[in-house]
Amino acid sequence: MFKFIERILTKDAVTTEHGQYLKRVRLKKIGVKFSQLAILAVVIIAWELAARYKVIDPFITSYPTQIAKTIYKMALNGELVKHTWTTIYETLVGFTLGAIIGLIVATALWWSDYLSKVFEPYIVLLNALPKMALGPILIIWLGNGVTAIIGMSLLVSIIVTIMMVYNGFRETDNNKIKLLRTLGANQFQIFKKVVLMENLPTIFSALKVNIGLSLVGTIVGEFLVSKAGLGYLIVYGGQVFKLSLVMTSVIILCIVAGLLYYLIVWLEKRLIKWEN
Amino acid sequence: MSKVEFKAVGMKYHTLEGETEALKDLSFTIEDNQFVSLIGPSGCGKSTTLSLLAGLLSPTDGQVMIDSKEVDGINQRVAYMLQEDYLFPWRSILDNVLLGLEIRGELNDSSRKRARQLLADYGLGDFEDYYPTQLSGGMRQRVALARTLAIEPDILLLDEPFSALDYHTKLALEDEVAQILREEKKTVILVTHDIGEAIAMSDRVLVFSERPGEIKSDYKIDLTIDGEYSTFKAREATEFNRYFNSLWEELDIYV
């Protein structure tokens, strides 16, 4: 048994010493994973026990088995898919629109130095402004529904996209641009062949930040106007003091946020193959 | 008819702080197939001279002529090689070499074949599908040379192309590039800080004065080489040290 584990830990070793090295690296990796799971398990068990033995008030904290029951019930009656999908849909639409429009604006600013100088203070101002404050205005303009929520999601993410991507564009290696100019490239070719390509990693960093921000925008939007979605469930659960519903929604939101983030990471890996 | 002619060229740069005169009354001619090196103190306008020839800049005074025609914008027959290779990491080696052809809309079967032949000639045939990060510095600079020659220029502008390499690679590559360019019969203008490199590689060395740059002196390099030319043999020629010493004095360097 012991030998078997030893063999797995030193798999693919070239020499015995290399085997010892591999073993150290792998043990550390396993240790990290184990600790991560252990923290989760300890929190869940402690929460459950504390609630059962009334160390904490289960009415205001809920507890894991109750949350699991709620998730099961919601899965059966279709509520789970409906609310989760509503939030994902609103976030993805807002995020995608924000990314596309942001990219177009950043390109325009890079294209014209004059334009970027003119708009700089406005962009800085819009960035500093808490976008949530515009919620009521959006509702009046876009109506009391999904459009306003998507608007919120877009608004929260677009300014950051513009700023991050434009800064990346501006810092493109000048010598690479010079090289293209000596080859006779026009502005469009310079953009397509160097500026855009060199900044793909920057664009993806912006996307990674913004998928989270878009989700924030969506949840805030749902707080304000919605009839469905995880944000709606959280507000509703809070109003009727059903803490298990609130906790359940927050946990699903956690999972959704993680999945959306890894969707971008997956896209990045598919698109940027030369960096490893 | 001279290949390249500078007629009383002056170049001034403007900034908010004031005006810098990079070149003043610069005149010289370069014949077809000549390999000319430009040396001089830092900031004397050597790189400006190349930029003027490439059409990246326009002179504020005088005229820059190629084949008796005034340079106006980017010239299709001029190719520029920079200090570093600037290979694009997202393109394969072959795609990097094809860059110029792609931009000029000259990418077709025969130009692609020629580009691949260039890579094969430089011993990089097996690396076509590799990415630049997988190649050594010397190999990358050879790819940059292939990219430069793929567009079939008459005139090559080399702006310290070996300065970013380690010494051994630099010596080896100097020789390789000098041989290739002699064979290809190109007009070459090399900007360098390395006096030895200038003498070993060129037919002629132009020494620039301090800014504003003018030609201070013009050396025709005539080395006695037994057998086939190489930069290593050039460095062994009896005249090499004599040229080196006079160019060194000419540069008048105080540290």
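Residues 84-264 of chain A are 86% helix and 0% strand. The end C-alpha atoms of that span lie 19 Å apart. Helices here are DSSP runs of H or I, at least four residues, and strands are runs of E, at least two, numbered from the N terminus. An unreviewed UniProt entry annotates residues 84-264 of chain A as "domain: ABC transmembrane type-1". UniProt positions follow the numbering used here, feature names are shortened, and such annotations may be inferred rather than shown by experiment.

A word on the model. It is predicted: local features need pLDDT of at least 70, side-chain atom pairs count only at pLDDT 80 or more, and totals for chains, interfaces and linings use all residues. Residues are numbered from 1 along each chain as its sequence is written, with chains lettered from A and ligands numbered from 1 in the order in which they are written.

Staying in chain A, take helix α2, residues 16-52. Its 37 residues should span 54 Å at 1.5 Å a residue, and the end C-alpha atoms are 52 Å apart, which agrees. The expected span is 1.5 Å times one less than the number of residues. After α2(A) comes Lys54(A), with a positive phi near 60°.

Now chain B. An automatic or database assignment sets the domain bounds. Domain 1 is 1-77 + 161-255, and domain 2 is 90-152. Their C-alpha centres lie 26 Å apart. Eight residues of domain 1 and five of domain 2 make the contact; contact means C-beta atoms, placed from the backbone, within 7 Å.

Next, the sheet in chain B. Four strands form an open sheet, antiparallel, in the order β2-β1-β4-β5. Strands pair if DSSP finds at least two bridges between them. The edges are β2 (18-30) and β5 (69-70), each pairing on one side only. Strand β1(B), residues 4-15, runs antiparallel to β2(B), with nine bridges joining them. One bridge partner: Tyr13(B) with Thr20(B) in β2(B).

Last, the two chains together. Chain B brings 16 residues to the contact, chain A 12. On the chain B side, helix α3 (residues 99-103) gives the most, three residues.

Technical notes:
Contact = placed C-beta atoms within 7 Å.
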